[in-house]
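Q: Could we go through the aromatic contacts and the pockets of this model together?

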Amino acid sequence: MEEKQKYAKEVESREGYGSDMVSAQNQVQDWNDRLVLSLIPEDQRQLRFWPQNPANFMEIISEYTTNLQQMTAVVLKAMAMSLNLDDHCFLKKCGVGARMGSRFNFYPPCSRYDLVLGLKPHSDSSAITFVLQDTEVEGLQILKDDQWFRVPIIPEALLINIGDQVEIMSNGMFKSPVHRVVINPERERLSLAVFYHPDPDNEIEPLDGLVNETRPRLYKKVRNYVGHFLQYYLQGKRLIEDMKI
């Protein structure tokens, strides 16, 4: 704990070690601790929150970030091509000022696991999210047709989640899944999520090629989606529902 507190979140800061800020009297806290770090742009990294132990932490995360940037381009191009769009359209919409941020999650065991959630039900505010799951302990679940389905662990694999902002850009052709994390009563669980966010100054809206007479525009324009997202998340609500026309 002494080591963790060296990187503790500051008041009103999302980065650093800790848990969600309490913004409402009836707010339900998630059963986890986390370390939140900005990765891209590099000049906006707040290095005072980056652990010095292990010594190669920064080197490993920087290499991981570079590789995920390459994967982001591959995935978003493939998604565009699957809709018969210009392969760079999602990347252009995200812009050169696109951001990447990471969240390291630690879920301690809980004997009353039936009364707590590691993460409350939500969808991601990102364009896409890369999730590196625990190698042994499951916990992630996806909501489909009002039922929760477990996400299995696949060794050496990354899970890619579609985020709200790609749902908006695709005019609902791609869906941002609601998901949650349940707690194991006996074993701790670790995961790492990396979020790819469009430039907050860019207007996010349905792409022209996906709006026509048979499929009208389904979402409003929005800037700085992430900046509005947290207040909804803390209340257990979905911002994207308010974005629908």
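This is a predicted model: local features need pLDDT of at least 70, side-chain atom pairs count only at pLDDT 80 or more; totals for chains, interfaces and linings use all residues.

Q: How many aromatic pairs does a search of the whole structure find?
A: The search finds five. Rings of Phe, Tyr and Trp (its six-membered ring) pair if their centres lie within 6.5 Å; planes under 30 degrees apart are stacked, over 60 edge-to-face, and the rest tilted.

Q: Why is the pair of Trp50 and Phe57 classed as edge-to-face?
A: The planes of Trp50 and Phe57 stand at 75 degrees, with the ring centres 6.0 Å apart, so the pair is edge-to-face.

Q: Are those two buried or exposed?
A: Both Trp50 and Phe57 are buried, where buried means under 20% relative accessible area, exposed over 50% and partly exposed in between (1.4 Å probe, protein chains only). Together with Phe104 they form one aromatic cluster.

Q: What about Phe229 and Tyr233?
A: Phe229 and Tyr233 form a stacked pair, 6.3 Å centre to centre with 15 degrees between the planes. Both lie in helix α5 (residues 225–234), four residues apart, about one turn of the helix. Helices (H or I, at least four residues) and strands (E, at least two) are DSSP runs, numbered from the N terminus. Phe229 is buried at a relative accessible area of 12%, and Tyr233 is buried at 7%.

Q: Changing topic, what volume does the largest pocket have?
A: Its volume is about 860 Å³. A pocket is an open set of points on a 1 Å grid over the protein atoms alone, where a 1.4 Å probe fits, with protein on both sides within 12 Å along at least five of seven lines; lining residues have an atom within 4 Å of a point. Grid points are joined across faces, edges and corners, and the volume is the space filled by probe spheres set on them.

Q: Which element gives the largest share of that lining?
A: Helix α5 does, with seven residues. The lining has 40 residues, and Arg14, Val36, Gly101, His197 and Val226 lie nearest the centre of the pocket.

Q: And which residues lie nearest the centre of the second largest pocket?
A: They are Leu35, Phe57, Phe104, Phe106 and Leu190, from a lining of 23 residues. The second largest pocket holds about 650 Å³ of space.

Methods
Residues are numbered from 1 along each chain as its sequence is written. Side-chain values use heavy atoms; hydrogens and water are left out.
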